[in-house]
Amino acid sequence: MRKKIAAANWKMNLTFSQATQLINEINPFFEELNNKQANVIIAVPFPILNQIQALLPPNKNVFIAAQNCHHILSGAYTGEVSAALLASLSIPFVIVGHSERRQYFNETNTIIKEKIDILLANNIQPIFCCGENIALRESNNQNQFVLTQLNESLFHLDEVQIKNIIIAYEPIWAIGTGKTASKEQAQEMHHFIRQSIENKYGNHVANEISILYGGSVKGNNATEIFNQPDVDGGLVGGASLLANEFVSIFKALN
Ligand code: PGA
């Protein structure tokens, strides 16, 4: 069964006291997830992973995540954080391949593949981001581009491993721009991604993988996007920093 998920990506925002305040404002609303069989994941900066995790309700539907990890197990990589360390801190999810990491930190499909392997080896579920830029969309090359990302970073996995991946389709032109993909554009790409998984692994695998949409999801557009048949929720940046916006978003999970 595909899970419905609203994932927050706080990126490099908030001080510790602001983060604490935000979680405390959202906390009372997590109750509602129980009735919906939906999940919330909150991806926070490294230093506050365990502190924020400790503030989440003892509710099995709300999880903490890291926003990145290094692709090598351990060693002389000053400033980096290993999957093994995250596993030892009981972090269940890590975002990999976010377009900001690809753009500003030169992460390639190969490096992202290595991160995925090392996370799975440490029993952490990767949230794998993919998506095209505006030039690829305008030249109608988005499907081929996303398929290459899937092929080069994910499709080496076996059937058991790939079921542990959450995919987030995030068109770069929609991230932080206020320009959301239309519900038709989101559905079309999500269907293409699911079909690509089906072609490789079969229908029983494709129907188990949650595919989230990311890119300017807000309280007022979440419902129409989440209602698309192949959209299983969202990965939310800016709007996840505002308690009332994020609560409306996870309430929109159906
Ligand atoms: P946004 O970011 O919601 O601010 O567009 C989404 C993301 O980068 O995950």
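**Reading the predicted model: K115 and beyond**

Trainee: Which residues does K115 touch, sequence neighbours aside?
Mentor: Leaving out residues up to four places away in sequence, K115 touches N68, C69, H70, H71, V96 and E107. Keep in mind that this is a predicted model.

Trainee: Why is K115 called buried?
Mentor: Its relative accessible area is 3%. Buried means under 20%. The value falls under that cut-off, so K115 counts as buried. The residue sits in helix α6, residues 109-121.

Trainee: How far is K115 from N24 in space?
Mentor: The C-alpha atoms are 32 Å apart. In sequence, 91 residues separate the pair.

Trainee: H98 next. What makes H98 buried?
Mentor: H98 has 5% relative accessibility. The limit for buried is under 20%. Therefore H98 is classed as buried. Its place is in the loop between β4 (93-96) and α5 (99-104).

Trainee: Which residues is H98 in contact with beyond its sequence neighbours?
Mentor: With neighbours within four places set aside, H98 is in contact with N9, K11, C129, E170 and I175.

Trainee: K11 is on that list. What is its phi?
Mentor: Phi of K11 is positive, about 55 degrees, although K11 is not a glycine. The residue lies in the loop between β1 (4-9) and α1 (16-26).

Trainee: And what is the phi of N106?
Mentor: Near 55 degrees, a positive value in a residue other than glycine. N106 is in the loop between α5 and α6.

Trainee: Is N106 buried or exposed, and how do you know?
Mentor: Its relative accessible area is 58%. Exposed means over 50%. The value passes that mark, so N106 is exposed.

Trainee: What makes a set of residues a nonpolar core?
Mentor: The members are buried nonpolar residues joined through side-chain atoms within 4.5 Å. The largest such core here has 71 residues. Those with the most contacts inside it are W10, F128, L154, I167, I193 and F250.
A second, separate core of 13 residues includes I41, F93, A168 and L212.

Trainee: Which residues does F128 contact?
Mentor: With neighbours within four places in sequence left aside, its contacts include V96, R102, I112, I116, L150, L154, I165 and I167.

Trainee: How do you know whether the chain agrees with a compact globule?
Mentor: With 254 residues, a compact globule would have a radius near 18 Å. The chain has 17 Å, which agrees. The C-alpha trace spans about 45 × 45 × 35 Å along its principal axes.

Trainee: What share of the chain is buried?
Mentor: Of the 254 residues, 53% count as buried. The chain exposes about 11,200 Å². Carbon and sulfur atoms supply 52% of that area.

Trainee: What share of the contacts joins residues at least 24 apart in sequence?
Mentor: Among contacts between residues at least 6 apart, 71% join residues at least 24 apart. The chain holds 13 helices and eight strands.

Trainee: Last one. How many charged side chains are there, positive and negative?
Mentor: There are 18 positive and 22 negative. The centres of the two sets lie 2 Å apart.

How values were computed:
Residues numbered from 1 in each chain as written. Predicted model: local features only at pLDDT ≥ 70, side-chain atom pairs only at ≥ 80, totals over all residues. Heavy atoms only, no water. Helix = DSSP H or I, 4+ residues; strand = E, 2+ residues; numbered from the N terminus. Rg over C-alpha atoms; globule rule 2.2 N^0.38 Å. Buried < 20%, exposed > 50% of the residue type's maximum accessible area, 1.4 Å probe, protein only. Contact = heavy atoms within 4.5 Å. Areas by Shrake-Rupley, 256 points an atom, 1.4 Å probe, with all protein chains shown as cover. Lys, Arg positive; Asp, Glu negative; His and termini not counted. Charge placed at Lys NZ, Arg CZ, Asp CG, Glu CD.
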